[in-house]
Amino acid sequence: MTATGANPTIVLVGHGMVGQRFLEALAERGLTATHRVVVLCEEPRPAYDRVQLTSYFSGKTPEDLSMTDMEFIEDHGIELYVGDPAVAVDREARRVTARSGEVFDYDVLVLATGSYPFVPPVPNKDAEGCFVYRTIEDLLAIEEYAKTRASTGAVVGGGLLGLEAAGALKGLGLDAHIVEFAPRLMPVQVDEGGGAALLRTIEDMGLSVHTGVGTQEIVVGEDGAVTGMKLSDGSELATDMVVFSAGVRPRDQLARDCGLTVGERGGITVDEQCRTVSDPHVFAIGECALAADGRVYGLVAPGYEQAETVAATIAADEAAFTGADLSTKLKLLGVDVASFGDAHGTAEDCLDVVYSDSRAGLYKKLVIGRDGTLLGGILVGDAEAYGTLKAFTGSVPPVSPESLVLPAGAGAPAQLGPTALPDEAIICSCNNVTKGTIRGAVTDHQCTTVPEVKKCTKAGTTCGSCVKVLGQLVNAELEASGVEVDKGLCGCFSQTREELYEIVLALRINTYQDLLDRYGREEARGGDGCEICKPTVGSIIASLAPTIGASGYVLDGEQAALQDTNDHFLANLQKNGSYSVVPRIPGGEIAPEKLIVIGEIARDFGLYTKITGGQRIDMFGARVEQLPLIWARLVDAGFESGHAYGKALRTVKSCVGQTWCRYGVQDSVRMAIDLELRYRGLRSPHKLKSAVSGCQRECAEAQSKDFGVIATANGWNLYVGGNGGATPRHADLLAQDLSDAELVRLIDRFLMFYIRTADRLERTSTWLERIPGGLDHVRDVVVHDSLGICDELEKLMADHVAHYRDEWSETINDPEKLARFVSFVNAPDTPDPVVAFVPERDQMKPDLPLLSIGMRPAEDVLEGSAQR
Amino acid sequence: MTLAPETTDLKVQLALDDDWFTVCDLSMLLPGRGVAALLPDGRQAAIFRDRSGELFAIDNRDPFTGAAVLSRGLTGSHQGRPFVASPLLKQRFDLASGQCLDDEAVQVTVYKVRTA
């Protein structure tokens, strides 16, 4: 076959992962349209994911592993010959001969022949029962032999693939051994300490590890099959099969045969364009190539980069492969192993920071330069910090190195704010938006506000949980570029929430309009405010209501117009426009009679019920007009509002404590009830959660709460600033061994100080991180009264406690307040037809019709509630 | 539109096709909050009254979620133009034009509204 006149021909030898990427790069550059592309593939199947090879043993089929979309091959007119390797290259005539005898003329030849497993030259290395670990065919053969003829298996080589192979043998039910010549496992990636941590974990999995010994001979029985191995320390290991996984070598025989230059230790010598140094018409990529920096790269990412480089070079674009980062992060037999940068500390004068816990299989080492620059590191057992650390490599991290490797909770774990995150960090995980993209929106797309950045990047537009971080990033970026950042609450107020709080308290301003008209921005005065400042000011007024002479009822007069819909209807809005109802169950303690009432109400109104994480019961699917009817029955049974709808105290969880538990040292339930009843209804910048544990076992999870209490033999320990959710944070110990009275007094002060100084929607955890001086400052203020304001803080809380009234019992007893709870102003009893439900698992769930389809006919839908 | 001094019998009316549809007494509208109205054809309108007494009406359906909840959003003004923020995912809609302020491609129907 000869190349047809018009289109030049590219022949690719080898269809592995790198070869496939090369084809994709050709297609992306439109080169498949202007070239004839021929692929010669030795294996019987097109390119598959060799990195995931071992997952075959966990149930993946060869088809699952395939990386080749045959439609892609056909659509681009690529001629793919599987099971037909190239056997000869005539560079003079520019012609390749395949094993089948077919001959292809080429204009460009790309060698992507990969590598072959290195088998040490020991006697009987080719005996029956000896295998390598490289292709799907190898795995099929290993599987067959292990199932029929072996009960013990040995792997030669304790590197990455060796460990995977040993794990696979064990998974096949064999007694598995690993024999590694180096004194530790994974000698290339980890150092001695990392190897020790790894060894412990691997041995715990039931694998036998022999390090520091070489294989001298494979012992065979009379039938010629493997029966054991002789090791260099003189011992013999009985085994029914041997898998060699002692590294790979570049497959450069084809290149050698046609006279291309190869390296001393193998590998086809190429320049920065991956062009062979011997022949401008021939390129080499992937594991068979000896790159311009003198290395053979055995990782897939550098191979991909080489593939892109060659495609670009063919298209006459500028591209070069000059070397790659060898950082890797792997999950090996369930163990995280990562190394990055100068992992072995080869730089002059560098120092190590090491955290090692062999018992837990943890090993973390950072290599630090004399000037504090992070040069590299090794992580075994927990590679969570890999992304951050890799990003900081080459720079001086903003916090001390040891804080980056200490486990959370030990000492003072590093708390890096969002500005310290690397550009690759995902900020919005719903839309997969990185910090770099967000920064780019500000620097390159001239976005100056969060809404603009949301629109530009889609970050924060799905669940919204990252909007706070988004704001911090946008401000930091603007400040960095010299723009003066407006720290005002919103377009209506140039003050922060804290400043507005001070104004309201000092001047006793008790209406929103008064505050807006006197202290709003010039252009906002006399206007209608916005959805940000209205609930914020509403919350400040509610927090200070008794003190500044405002009504304590959040729906009175003007206050009603300030509240978010949840506060407005004293229930939680759900996605289809229905609401959920959560009665207060203080401390999570509830008598059977009350449980029955909740059950009856849920049944009668057809509500979906779910136990919450805060030890209460949530009833979903109530329509607006049903809320008063539901609450009339709840109030009648002695329930009151649980404030699940408010930025307010939610629940105080508890364990059963001393009363029942044999470990308990205090009455945690009583304390939880006392605290919940004391702070119920307290409006704050964000929701407040709490818990009380009866002993140090911490069953109530108090350290994940805004304020958490843990019993001690001498009283109570108070923790503050904990959080679960999107950015978990363990709470900090504020004070120890407090009496009941001391505990309550300290919480009073802490909460009021938080309410006074926090930003809108700022949880105690982020507040503690943000305020100057952090925990120490807060401790100074609320424990040592450094500002002399504790009397005032306590008095404010006393006012709140004295004036608390249940919002729902006030509501159902006042016809005027009930007037808002209608579906339609002109048809108060007609249910909203959009609110419909369909059955699911013995209950029901929202049925939200698609907008374009319109509403479903009434008879199709299951009624959300019994007619009343 | 600016309203005549309030009297208890003023009614809020929406323009539907060529007719004015009476919804409720003006006194049912609290400045800064909305109400939902059921229209004869099954559609729903969200009617608002701002601080100055001006009335606005838009479709009650939140186009981002499909739920009929815009009447329960918080209102405000942006550069002098009144808006409501959806109580679900907080997108803002211009009350006079129905244009979504956070997504150019989205708009809700606007109804003419008067008192009589």
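**Helix packing and the chain interface in a predicted model**

In the predicted model, M17(A), V18(A), R21(A), F22(A), A25(A) and L26(A) of helix α1(A) are in contact (heavy atoms within 4.5 Å) with V300(A), G303(A), Y304(A), A307(A), E308(A), V310(A), A311(A) and I314(A) of helix α9(A). By class, this contact comprises 11 nonpolar, one polar and two charged residues, where Ala, Val, Leu, Ile, Met, Phe, Trp, Tyr, Cys and Pro count as nonpolar, Asp, Glu, Lys and Arg as charged, and the others, Gly among them, as polar. Helix α1 spans residues 17–28 of chain A and helix α9 residues 300–314 of chain A, and the two pack at an angle of about 35° with their axes 8 Å apart; helices (H or I, at least four residues) and strands (E, at least two) are DSSP runs, numbered from the N terminus. Axes are lines fitted to C-alpha atoms, for helices over the stretch in contact, and angles run from 0 to 180 degrees between N-to-C directions.

Residues are numbered from 1 along each chain as its sequence is written, and chains are lettered from A and ligands numbered from 1 in the order in which they are written. Local features need pLDDT of at least 70 and side-chain atom pairs count only at pLDDT 80 or more, whereas totals for chains, interfaces and linings use all residues, and side-chain values use heavy atoms, with hydrogens and water left out.

Between the chains, 39 residues of chain B are in contact with 42 residues of chain A. Together the two chains bury about 3100 Å², 56% of it on carbon and sulfur atoms, buried area being the accessible area (1.4 Å probe) that two parts lose on being put together, summed over both. In chain B, the most area is lost to chain A by R51(B), R72(B) and L74(B), which together account for 25% of what that side buries.

The interface of chain B and chain A holds one salt bridge, a side-chain nitrogen of Lys or Arg within 4 Å of a carboxyl oxygen of Asp or Glu. The side chains of R51(B) and D517(A) meet in a salt bridge at 2.2 Å, N to O.
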